[in-house]
Amino acid sequence: MSERVCTVLLYSDDPKVRDRMRLAVGTRPAPGLEIEFVEAAAYAECVRLVDDYEIDLLLLDGEASPGGGIGIARQIKDDRDDAPPTCVVIARAADRWLAAYAEVDATLTYPLDPVTAGTTVAELLRRTHAAA
């Protein structure tokens with residue numbers, strides 16, 4: 001079985017949060033799947049990376065400031081027909097309705113559980129590549 005390498009964009013204004021997201025997902029969240037990470041610390045940088053590179057999944061910090069992950073997810077979904085799947089990390093489960101409004105594909109809650117994070121990311125990547 002060949003290894004599939006996918007690019008996941010981590011977005012947060014806080015480098016410690018990006019580190020936690022990377023560690024929770026890991027570079028091999030499932031058999032046959034390897035992840036390389038690219039990072040963005042600002043809203044404009046995140047949008048530019050999506051425009052300039054082949055990003056397979058967006059993992060966005062819903063608590064980032066001044067541009068939150070939910071807002072970025074909504075903008076990218078509105079602006080692009082080929083938007084990558086998005087997963088937003090939220091602090092309150094009650095924010096899932098807002099993520100649904102932004103057409104987010106999945107949510108995770110802080111603190112991140114590595115099993116749930118890895119499984120969620122792997123499922124989103126498999127679903128996307130199965131549809132392609």
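I take helices (DSSP H or I runs of at least four residues) and strands (E runs of at least two) as numbered from the N terminus.

**Setting up.** I am looking at a predicted model, where local features need pLDDT of at least 70, side-chain atom pairs count only at pLDDT 80 or more, and totals for chains, interfaces and linings use all residues. Residues are numbered from 1 along each chain as its sequence is written, and side-chain values use heavy atoms, with hydrogens and water left out.

**The record.** I looked up UniProt, where an unreviewed entry places the feature "domain: Response regulatory" at residues 7-125. Its positions follow the numbering used here, feature names are shortened, and annotations may be inferred rather than shown by experiment. In the model, that span is 42% helix and 23% strand, and its end C-alpha atoms lie 10 Å apart.

**The sheet.** In what order do the five strands stand? I read β2-β1-β3-β4-β5, an open sheet with parallel pairing; two strands pair if DSSP finds at least two bridges between them. The edges are β2 (33-40) and β5 (106-109), and each has a single partner strand, so one side of each is left without a neighbour in the sheet. I note an average twist of 25 degrees from one strand to the next. Angles run from 0 to 180 degrees between N-to-C directions, with axes fitted to C-alpha atoms, for helices over the stretch in contact. Between β1 (residues 4-11) and β2 I find eight bridges, and L9 sits opposite V38 in β2.

**Helix α1.** Next I followed α1 (residues 15-25), which packs on the sheet and touches β1, β2, β3 (57-61) and β4 (86-90). Contact here means heavy atoms within 4.5 Å. The direction of α1 makes about 175 degrees with that of β2.

Which residues of α1 are buried? They are V17, R18, M21, A24 and V25, where buried means under 20% relative accessible area, exposed over 50%, and partly exposed in between (1.4 Å probe, protein chains only). Seen down the axis, these fall within an arc of 130 degrees, so they line one face of α1; the arc is that of the directions from the helix axis to the C-beta atoms. On the face turned away, I see K16, R20 and L23 exposed. After α1 comes G26, with a positive phi near 80 degrees.

**T120.** Last, I found T120 in helix α5 (residues 114-131). T120 is buried, at a relative accessible area of 18%. Leaving aside neighbours within four places in sequence, T120 is in contact with C87, A106 and L108.
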